[in-house]
Amino acid sequence: MKGLTIDQLEVGQKASFTKTVTEADVYNYAGVSGDFNPAHMNEEYAKNTAFKTRIAHGMLSAGFISAVLGTKLPGPGTIYLNQDLKFTKPVHFGDTITATISVEELIKEKNRAILKTVCTNQDGDVVVEGTAKVMPPK
């Protein structure tokens, strides 16, 4: 398996990954990351937050961006160099999140791609947005 090389990428090219976030996903993420913030884990605690219920970890949705980069665009062999993120809305259990990557800029002489990264929920609301810099496979 090999992803797209810099010469196979084009500005405007897109790929996406969609997943419905479950309670199990949140618990598994907490176990792997060590982030047991009660805003994610404890419904009684979460009732007193701005969101009034538990929410998924922001980085769980950001992980869906990584899924696109490593499996679709550019794909296998891609090296993730940099990512900026803005978390714009909470992700609730049961939300269906789509991570979409689009090629914004190619720096062929350095084998780098600048990508727009956006996660939306089932209503089309942006929940995470940012920019990634990657090194596509050679």
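Predicted model: local features only at pLDDT ≥ 70, side-chain atom pairs only at ≥ 80, totals over all residues.
Residues are numbered from 1 along each chain as its sequence is written, and side-chain values use heavy atoms, with hydrogens and water left out.

Four helices and five strands make up the secondary structure (DSSP runs of at least four residues for helices, H or I, and at least two for strands, E, numbered from the N terminus). Their order along the sequence is β-α-α-α-α-β-β-β-β. The C-alpha trace spans about 55 × 30 × 20 Å along its principal axes. Of the 138 residues, 39% are buried (under 20% relative accessible area, 1.4 Å probe, protein chains only). Among contacts (heavy atoms within 4.5 Å) with a separation of 6 or more, 66% involve residues 24 or more positions apart.

Thr117 is located in strand E4, which comprises residues 112-120. Thr117 has a relative accessible area of 0% and is therefore classed as buried. The side chain of Thr117 forms a polar contact with the side chain of Gln83 at 2.9 Å (a pair of N or O atoms within 3.5 Å; within protein, one must be able to donate a hydrogen and the other to accept it, and residues adjacent in sequence count only if both atoms are side-chain atoms). With residues up to four places away in sequence not counted, Thr117 touches Ile65, Gln83, Thr100, Ile101, Val128, Glu129, Gly130, Thr131 and Ala132.

Key
Buried < 20%, exposed > 50% of the residue type's maximum accessible area, 1.4 Å probe, protein only.
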